[in-house]
Amino acid sequence: MKVEDEERIAANLSKIMAMICIRNTRLEDLHSGLQPVTLTGDYSDVNVVDGTGRTIPWREVSHLDDLQMADLMREIVDRLFTFHMRRDDPSFRDHLDRWMAASNKWDNPLLDKAFLDAVARLGAPRKA
């Protein structure tokens, strides 16, 4: 297979997986709601007041608690697993084809050099 074809297939697969396995999850619930207005552009002018009256700068606020993060990651892993287990099912592929039109409007992905560097720093797993 040509490198260009392999890159095109990987890009399309990455976008559709990101859309249906990650974006259309509890992440949408976290994305919904009112967004604070920032006049500085970096949110340094936005604060949150919690239930105890404590004022927390927006950039220091945790937007997910541990339970929400665990639930989100569990849902994403389950969806990625389901995607891989059903990718050869014709009815599942028909469903993917319908979503492909929407995901094709996204920017094409790029290799994430920071990710590759982080993986390289982890090194090979140790043998038991």
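Let me start with a contact between two helices, where Asn12, Lys15, Ile16, Met19 and Ile20 in α1 meet Leu96, Trp99, Met100, Ala102 and Ser103 in α4. Please keep in mind throughout that this is a predicted model. Helix α1, which covers residues 3-23, packs against α4 at an angle of about 100°, and the two axes are 9 Å apart; α1 and α4 are therefore roughly perpendicular to each other.

Is Leu111 buried or exposed? Its relative accessibility is 72%, so Leu111 counts as exposed, and together with Phe115, Leu116 and Val119 it makes a nonpolar surface patch of about 440 Å².

Now to the charged side chains, for which the count comes to seven salt bridges. One of them joins Glu28 to Arg23, with the closest N and O atoms 2.8 Å apart. Another is formed by Asp42 and Arg59, at 4.0 Å from N to O, and this pair links distant parts of the chain, since Asp42 sits in the loop between α2 and β1 while Arg59 sits in the loop between β2 and α3, 17 residues apart. Of these two, Asp42 is partly exposed at 34% relative accessible area, whereas Arg59 is exposed at 58%.

Finally, in helix α3, Arg79 and Glu75 are separated by about one helical turn, because they are four residues apart. Salt bridges that share partners join these two residues and Arg26 into one network.

Terms used
Residues are numbered from 1 along each chain as its sequence is written. This is a predicted model: local features need pLDDT of at least 70, side-chain atom pairs count only at pLDDT 80 or more; totals for chains, interfaces and linings use all residues. Side-chain values use heavy atoms; hydrogens and water are left out. Patches are made of residues with over 30% relative accessible area and no salt bridge: like charges are joined within 9 Å, nonpolar side chains (Val, Leu, Ile, Met, Phe, Trp, Tyr) within 5 Å. Accessible areas come from the Shrake-Rupley method with a 1.4 Å probe; for residues, only the protein chains shown count as cover. Buried means under 20% relative accessible area, exposed over 50%, partly exposed in between (1.4 Å probe, protein chains only). Axes are lines fitted to C-alpha atoms, for helices over the stretch in contact, and angles run from 0 to 180 degrees between N-to-C directions. Angles under 35 degrees count as roughly parallel, over 145 as roughly antiparallel, 65 to 115 as roughly perpendicular and the rest as oblique. Contact means heavy atoms within 4.5 Å.
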